[in-house]
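Visitor: Hi, I've got a model to look through with you. Could we start with how the helices pack?

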Amino acid sequence: QRVDEKVVMPVIRGYRFVTPRVVRQGVNNFWDNFTDVGNLANSLLQLKPKRSLQTTGRLLVNTTVGVLGLWDPATRIGLQRQDEDFGQTLGHYGVPAGPYVMLPGLGPSSARDAGGRLVDWVGMDQINYINISRNSSEYPALLALRLINARDATPFSFGQLNSPFEYEKLRYIFTQARVLQVRD
């Protein structure tokens, strides 16, 4: 919480100050398009044909017409983004969530979902359809931009629930939301 307040959020406020909204949205669209590859893989693993086709359509439209995802014309034509991750895939096949954990810098998770995040991260590194891994190692600012964008796109901040029981509320909301995401 303190790292988020004292270090991360000042960086995010600076990013928002110097970067126009349209540029921030383009950066966010680009990373969303990149992660749609993982969404597609997890939709296929969960045997969701309709969602898989929709995500494939999103990828094709946004990568071509949207210039590598800088724009999101797919949403305008009715192809909504569907988030799927390996934690959901494991849950789909009956793997229990396990204990709730708060991952430093990443937020709430469970043992299953933390492992799923790792698989998603390694999987995206292997798919690497636009050579992000190599480019990130050659240009560390690319990785920094990805992390800044991820936090900028996350509306939650610690203390916003204004409750002495924030941890318990967050745990409850997270675990219930994940149950619903696995069931969809």
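Visitor: Which residues of α1 meet α8?

Guide: In this predicted model, the α1 side of the contact consists of D4, V8, M9, V11, I12, Y15 and R16. On the α8 side they meet L145, I148, R151 and D152.

Visitor: And what does that contact look like by class?

Guide: The contact of α1 with α8 has seven nonpolar and four charged residues, and no polar ones.

Visitor: At what angle do the two axes cross?

Guide: Helix α1 (residues 2–18) and helix α8 (residues 140–152) cross at roughly 95°, and their axes come within 10 Å. That makes α1 roughly perpendicular to α8, since angles of 65 to 115 degrees are put in that class.

Visitor: OK, now α2. How does α2 pack with α8?

Guide: The angle between α2 and α8 is about 100°, with the axes 10 Å apart. These two helices are therefore roughly perpendicular to each other.

Visitor: Who's touching whom there, in α2 and α8?

Guide: From α2 there are R24, V27, N28, W31, F34 and T35, and they meet L142, L145, R146, N149 and D152 in α8. By class, the residues of this contact of α2 with α8 divide into five nonpolar, three polar and three charged.

Visitor: Let's change topic to the loop between α2 and α3. Where does K48 stand, buried or exposed?

Guide: K48 is in that loop and counts as buried, at 12% relative accessibility. Its side chain makes a polar contact of 2.9 Å with the side chain of Q46. Not counting residues up to four places away in sequence, K48 touches S43, E84 and D184.

Visitor: What about phi of L47?

Guide: Phi of L47 is near 60°, a positive value in a residue other than glycine. Most residues other than glycine have a negative phi. L47 lies in the loop between α2 and α3 and counts as exposed, at 65% relative accessibility.

Visitor: What is the phi of V67?

Guide: V67 is not a glycine, yet it has a positive phi of about 50°. V67 is found in the loop between α3 and α4 and is partly exposed, with a relative accessible area of 42%.

Visitor: Last one: how far is R2 from F158 in space?

Guide: They are 8.9 Å apart, C-alpha to C-alpha, while 156 residues separate them in sequence. R2 lies in helix α1 and counts as exposed, at 56% relative accessibility. A polar contact of 3.2 Å joins the side chains of R2 and E5.

Methods: Residues are numbered from 1 along each chain as its sequence is written. This is a predicted model: local features need pLDDT of at least 70, side-chain atom pairs count only at pLDDT 80 or more; totals for chains, interfaces and linings use all residues. Side-chain values use heavy atoms; hydrogens and water are left out. Axes are lines fitted to C-alpha atoms, for helices over the stretch in contact, and angles run from 0 to 180 degrees between N-to-C directions. Helices (H or I, at least four residues) and strands (E, at least two) are DSSP runs, numbered from the N terminus. Angles under 35 degrees count as roughly parallel, over 145 as roughly antiparallel, 65 to 115 as roughly perpendicular and the rest as oblique. Contact means heavy atoms within 4.5 Å. Ala, Val, Leu, Ile, Met, Phe, Trp, Tyr, Cys and Pro count as nonpolar, Asp, Glu, Lys and Arg as charged, and the others, Gly among them, as polar. Buried means under 20% relative accessible area, exposed over 50%, partly exposed in between (1.4 Å probe, protein chains only). A polar contact is a pair of N or O atoms within 3.5 Å; within protein, one must be able to donate a hydrogen and the other to accept it, and residues adjacent in sequence count only if both atoms are side-chain atoms.
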